Amino acid sequence: MTEQMAQKPTFRSWLQEKLFLGKTTSEYLKGLVTPFNIIAGLILAVGIPVTVIRFTQGLASVTNLSDTNPWGLWIGVDVLCGVALAAGGFAIGTAVYLFGLKDYHSVVRPAVLTGFLGYFFVVVGLCFDLGRPWRLPYPMFVSYGVTSVMFLVGWHVALYLSCQFVEFCPAISEWLGWRNLRKWLVRLTVGATVFGAILSTLHQSALGALFLLAPGKLHPLWYSPFIPVFFFISAIVAGLSMVIFEGMLSHRIFSNQIDHHHHATFDRLTVGLGKAAAVGLFSYFCLKWIGVAHGNHWDLLNTPLGHWFLVEVFIFVLLPCFLYVWGVQRESAGIVRFTAILTVIGIILNRVNVSMVAFNWDVVDRYSPRWTEFVVTITIITVGLLTFRWIVNRMPVLYTHPDYKEEY
Amino acid sequence: MFTLHDFMHLTKGIEYLLAVCFLAVFIAFWRFLDKKKRSKDSI
């Protein structure tokens with residue numbers, strides 16, 4: 001009896017194991033003093049006061065937004081780039097659960113976690129821009145706007161976050177040891193993946209469709225009736241590239257969690273993802289030119305913004321496409337990883353161009369972000385990274401839980 | 001170009017030509033991308 005009582009974990013020991021990784025509180029706190037955490041702490045030390053100022057003093061106190069330029073860095077980077085780069089979740093989930101590419105199973109959970117956290121912090125960034133965060137559920141329950149693309153985006157992000165959470169819940173239940181719940185959650189995976197793919201197709205393109213409403217404001221080389229298709233295809237490419245990039249970082253930083261088999265197969269999976277991204281980039285490149293032809297804007301290519309358009313399309317779309325092909329031909333994961341970084345930069349550049357550089361391109365009152373807007377964006381990204389690290393250090397994301405190895 | 005019809009004729013024409021080229025070049029691109037795997041499979 002005494003032996004059984006000694007073996008039964010107390011709530012405190014369970015908490016210590018799950019939250020503090022088995023360390024005592026003082027050991028855990030000592031372990032937090034690392035260069036990354038110090039830098040993150042400094043970023044938060046500046047970001048939190050700026051957040052308080054934003055929500056107490058209003059947008060004008062921390063941004064250069066105006067009636068002419070209502071969308072700025074927070075929409076351009078936090079929302080548009082965030083949603084595009086979080087597309088890996090649906091891309092990999094679809095590949096594994098719907099297309100049957102079981103080889104990529106080891107990257108599903110990191111991709112789904114990246115997608116979930118990406119969308120979550122997109123909503124956080126959106127709250128900064130909109131203000132009144134307590135009104136976030138309004139489009140769901142109070143005030144519909146069925147003629148608005150933003151209404152669709154709001155609904156989709158809320159539903160897709162739920163989908164990604166359901167897809168990630170098996171990892172949470174494995175961490176907490178809830179076997180029965182895990183059994184039910186795993187059965188929901190395929191349905192959640194199908195629903196997630198449908199939602200993603202719509203809202204990734206809907207973010208581009210937002211700009212259909214402003215043909216006079218967006219530069220003709222970026223504006224096209226096909227902009228929803230551009231956004232959707234580039235989102236797939238962005239998601240795959242982010243999975244490659246995030247996998248590269250995770251395999252270095254969390255290498256102790258990953259078993260030998262996953263380390264050995266990782267390069268092959270990377271090259272496979274690069275192949276898919278190459279196809280996406282090639283299609284995207286060709287469609288961009290069809291978009292230019294649709295508006296007959298060839299003469300605009302020889303203007304300053306036209307040159308910038310050519311830089312975006314040739315250096316950050318066509319060049320990564322060929323680099324991916326080269327990496328796949330040589331089966332070189334190193335080339336594919338470098339190209340993934342270039343592609344991610346290219347997608348960020350495209351979203352920044354559409355939302356800021358080429359938007360209101362011919363008005364006198366041009367927008368440029370204030371330093372506090374950069375602080376908020378960097379703070380949100382930092383909190384996202386810290387959350388990702390917290391989850392990966394505790395839950396079976398990069399490895400298969402020993403109790404369920406036979407399932408994979 | 002004098003009329004909207006002229007404009008549509010020209011732009012749609014170039015667009016369709018580009019789209020057909022894309023479809024043809026895509027096949028070549030895919031075969032080029034898959035070249036190493038196909039040569040490995042044939043050995």
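**Terms and values**

Me: In chain A, among contacts between residues at least 6 apart in sequence, 79% join residues at least 24 apart. What makes two residues count as in contact?
Reply: Their C-beta atoms, placed from the backbone, have to lie within 7 Å. Keep in mind that this is a predicted model, where local features need pLDDT of at least 70 and side-chain atom pairs count only at pLDDT 80 or more, while totals for chains, interfaces and linings use all residues. Residues are numbered from 1 along each chain as its sequence is written, and chains are lettered from A and ligands numbered from 1 in the order in which they are written.

Me: How do you know whether the size of chain A agrees with a compact globule?
Reply: The globule rule is 2.2 Å times the number of residues to the power 0.38, with the radius of gyration taken over C-alpha atoms. For 408 residues that gives a value near 22 Å, and chain A has 22 Å, so the two agree. Along the principal axes, its C-alpha atoms fill a box of roughly 85 × 55 × 45 Å.

Me: What makes something a helix in chain A, and how many are there?
Reply: A helix is a DSSP run of H or I with at least four residues, a strand a run of E with at least two, both numbered from the N terminus. By that count chain A has 16 helices and zero strands, and chain B has two helices and zero strands.

Me: Why is A:Asn360 called buried?
Reply: Buried takes 20 or more other C-beta atoms within 10 Å of a residue's own, exposed takes 12 or fewer, and partly exposed is in between, with C-beta atoms placed from the backbone. A:Asn360 has 20, so it's buried. It sits in the loop between helix 15 and helix 16 (371-394) of chain A, and its phi is positive, about 55 degrees, although it is not a glycine. For background, most residues other than glycine have a negative phi.

Me: And why does A:Glu331 count as partly exposed?
Reply: A:Glu331 has 16 C-beta neighbours inside 10 Å, so it falls in between. Its loop lies between helix 14 (304-329) and helix 15 (333-357) of chain A, and its phi is positive too, near 50 degrees.

Me: What makes helix 2 (residues 11-19) of chain A "hardly covered"?
Reply: The count of buried residues among its nine is zero. By contrast, helix 11 of chain A has buried residues including A:Ala192, A:Gly196, A:Leu199 and A:His203. Their cover includes helix 5 (73-85), helix 6 (88-98), helix 9 (149-176) and helix 12 (227-253) of chain A.

Me: What makes up the side of chain B that touches chain A?
Reply: 13 residues of chain B are in contact with twelve residues of chain A. Helix 1 of chain B gives the largest share, eleven residues. Ala, Val, Leu, Ile, Met, Phe, Trp, Tyr, Cys and Pro count as nonpolar, Asp, Glu, Lys and Arg as charged, and the others, Gly among them, as polar. On that scheme, this side divides into nine nonpolar, one polar and three charged residues.
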